[in-house]
Amino acid sequence: MQLVLVPRADGLMEPVSDQAMALIKSQPPVPTVWMAQKDKRTDKQNNYLNGYYYRKACELLNDAGHNIAGFSFTRDRLHAMCQQMFLVVEEVPLPGGKISYLFESTTKMNKARFTEYVDEQVAPWLLNDYEISVPPPVDEYYRMLWNEIYQSKGRML
């Protein structure tokens, strides 16, 4: 049997299923094991960004009639735009005078940088350039993610 644990926003680990939790609870007590992780952005932040924020932004942009050279906004297109505008860390010269770019990865951002990226870079750009503001989520799952991400800032839904 495999037991899969995932990190929570508070840094603790939790099992991914009720069966795993039941198995853990059925075991005799053992010494406590503490695992620490660096202040890396969480999978929940990633789920919020890709599953809610980018998806909702694309929906709002497309509904408002915005497009990218005739193409509708998608998660990948929006992320590529954001990489080009906010996440370039190095320009790499190519033959023929062309340039390629190395980007900061959202998966390697710490929690504070990740929140800064969404709140201080992407959100203002969407508002200023497209008059789009992504509202806080109403779906229970994404509300839970939003609360975990923003609880340290005192912003709860």
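Biologist: Which residues does Lys56 touch, not counting residues up to four places away in sequence?

Modeller: Contact means heavy atoms within 4.5 Å. By that rule, Lys56 touches Val134 and Pro135. Before going on, some ground rules: this is a predicted model, where local features need pLDDT of at least 70 and side-chain atom pairs count only at pLDDT 80 or more, while totals for chains, interfaces and linings use all residues. Residues are numbered from 1 along each chain as its sequence is written, and side-chain values use heavy atoms, leaving out hydrogens and water.

Biologist: Where is the place of Lys56?

Modeller: Helices (H or I, at least four residues) and strands (E, at least two) are DSSP runs, numbered from the N terminus. Lys56 sits in helix α2.

Biologist: Okay, and which residues of α3 are buried?

Modeller: Buried means under 20% relative accessible area, with a 1.4 Å probe and protein chains only. In α3, that applies to Leu78, His79, Met81, Cys82 and Phe86. They lie on the same side of α3 because they cover an arc of only 160° around the axis, the arc being that of the directions from the helix axis to the C-beta atoms. The buried residues of α3 pack against α2 (43-63), β3 (88-93) and α4 (111-130).

Biologist: How many residues has the largest nonpolar core?

Modeller: A nonpolar core is a set of buried Ala, Val, Leu, Ile, Met, Phe, Trp, Tyr and Cys residues joined through side-chain atoms within 4.5 Å. Here the largest has 29 residues, and Tyr53, Leu78 and Cys82 are among those with the most contacts inside it. Helix α2 gives the most to this core, with eight residues.

Key: Buried means under 20% relative accessible area, exposed over 50%, partly exposed in between (1.4 Å probe, protein chains only).
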